Amino acid sequence: MVMIVVVMGVSGSGKTEVGTLLANKLGWKFYDADDYHPIENKVKMSQGIPLSDEDRQPWLCELHELIKRERACGQRLVLACSALKRAYRRSLTTGGNLPKKRCQHKEDDISSETLFIHLQGSLELISKRMQKRKGHFMPLKLLESQFDTLEPPAAPELFITVNVEKAIPEIVSELQATLQDETPI
C-alpha cells in the first residue's frame with residue numbers, strides 16, 4: 001500500500017504545484033522539500049553553485065525523519081522533492097547515507113510504501129517555465145546541471161513517469177485516479 005508519494009524531477013518541472021494539488025485532492029498532507037534546505041544550501045544554489053552530495057545528505061536525512069514521523073501517525077503524504085539520483089531516493093526511503101550505505105534498521109526502510117512520480121519534460125519546456133518564475137532561489141543557469149545529474153527512476157523502485165507537457169489539472173486527475181484505484185501500482 002502506497003503511503004508516501006514523492007513528486008520528483010528537475011527544478012521547474014512542476015513538483016510543488018502538482019504535489020500540492022494532488023495532496024489536496026487525496027486529503028493527504030503535503031510537504032515541499034525546498035522548505036527543509038538549510039540556508040547555506042539555498043545561498044549556494046542562488047549563487048549558481050550546484051549542491052554536492054555532502055550538502056544534500058543532512059537534508060535528505062531530515063526528510064526521511066519527517067516521512068517516518070508522519071508514517072508512524074498513519075498519515076499519508078505527498079513530498080515534492082527533486083530526488084534526482086537513485087542514491088538520493090534510497091536515502092529518502094531508507095535513511096541511509098550517500099552514496100551506497102543502507103540504513104541498519106529494517107523498520108526505517110519505507111521503499112515498499114513509497115511511489116516516485118517523475119515529472120519529465122524537455123530542457124526547452126522547463127527552461128521556459130523557469131523564466132516565468134519569480135522569487136525562487138534556484139537560478140535558470142543550474143537547470144542544465146540538474147538534467148545532467150538526473151537518474152530517472154527504474155525497477156525495483158516504484159514509480160510513474162508523467163510528461164509535463166500535459167496541463168497540471170490533467171496530470172493531477174490522472175495521478176489521483178491511479179492512487180485511488182484499489183489495484184496495486
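In the predicted model, helix α1 buries Lys 15, Val 18, Gly 19, Leu 22, Ala 23 and Leu 26. An α-helix has 3.6 residues a turn, so residues three or four places apart point the same way. The elements that cover the buried residues of α1 include β1, β2 (29-32), β3, β4 (114-120) and α7 (168-180). The length of α1 (residues 15-26) was also examined: its 12 residues, at 1.5 Å a residue, should span 16 Å, and the end C-alpha atoms are 16 Å apart, in agreement with that expectation. After α1 comes Gly 27, which has a positive phi near 75°.

The strands β2-β3-β1-β4-β5, in that order, form an open sheet of five with parallel pairing. Its edges are β2 and β5 (159-163), each of which pairs on one side only. From one strand to the next, the twist averages 20°. Within the sheet, β1 and β3 run parallel and are joined by four bridges; Val 7 stands opposite Ala 80 of β3. Helix α1 packs on this sheet through contacts with β1, β2, β3 and β4, and its direction makes about 165° with that of β2. Helix α3, in turn, lies across β1, β2 and β3 and runs at about 170° to β3.

Nonpolar residues were then considered. In soluble globular proteins, nonpolar side chains tend to be buried together. The largest nonpolar core in the model comprises 25 residues, and those with the most contacts inside it are Ile 4, Val 6, Leu 63, Leu 79, Cys 81 and Leu 92. At least two residues of this core are supplied by each of β1 (4-8), α3 (53-72), β3, α4 and α5 (123-132). The largest share, five residues, comes from α3. A second, separate core contains 19 residues, including Val 7, Trp 28, Val 78 and Val 162. Val 6 illustrates the contacts made in the largest core, where this residue is among those with the most contacts. When residues up to four places away in sequence are not counted, Val 6 touches Leu 79, Cys 81, Leu 92, Thr 114, Leu 115, Phe 116 and Ile 117.

Two further positions were examined individually. Met 3 is located in the segment before β1. Its relative accessibility is 13%, and Met 3 therefore counts as buried, the cut-off being under 20%. Apart from neighbours within four places in sequence, Met 3 contacts Trp 28, Gly 74, Gln 75, Arg 76, Leu 77 and Glu 113. The C-alpha atom of Met 3 is separated by 7.3 Å from that of Arg 71, although the two residues are 68 residues apart along the chain.

Ser 82 belongs to the loop between β3 (77-80) and α4 (86-94). With a relative accessible area of 16%, Ser 82 is likewise buried. Beyond its neighbours within four places in sequence, Ser 82 is in contact with Met 8, Gly 9, Lys 15 and Trp 59.

Definitions and conventions
Residues are numbered from 1 along each chain as its sequence is written. This is a predicted model: local features need pLDDT of at least 70, side-chain atom pairs count only at pLDDT 80 or more; totals for chains, interfaces and linings use all residues. Side-chain values use heavy atoms; hydrogens and water are left out. Buried means under 20% relative accessible area, exposed over 50%, partly exposed in between (1.4 Å probe, protein chains only). Contact means heavy atoms within 4.5 Å. A nonpolar core is a set of buried Ala, Val, Leu, Ile, Met, Phe, Trp, Tyr and Cys residues joined through side-chain atoms within 4.5 Å. The expected span of a helix is 1.5 Å times one less than its number of residues. Two strands pair if DSSP finds at least two bridges between them. Axes are lines fitted to C-alpha atoms, for helices over the stretch in contact, and angles run from 0 to 180 degrees between N-to-C directions.
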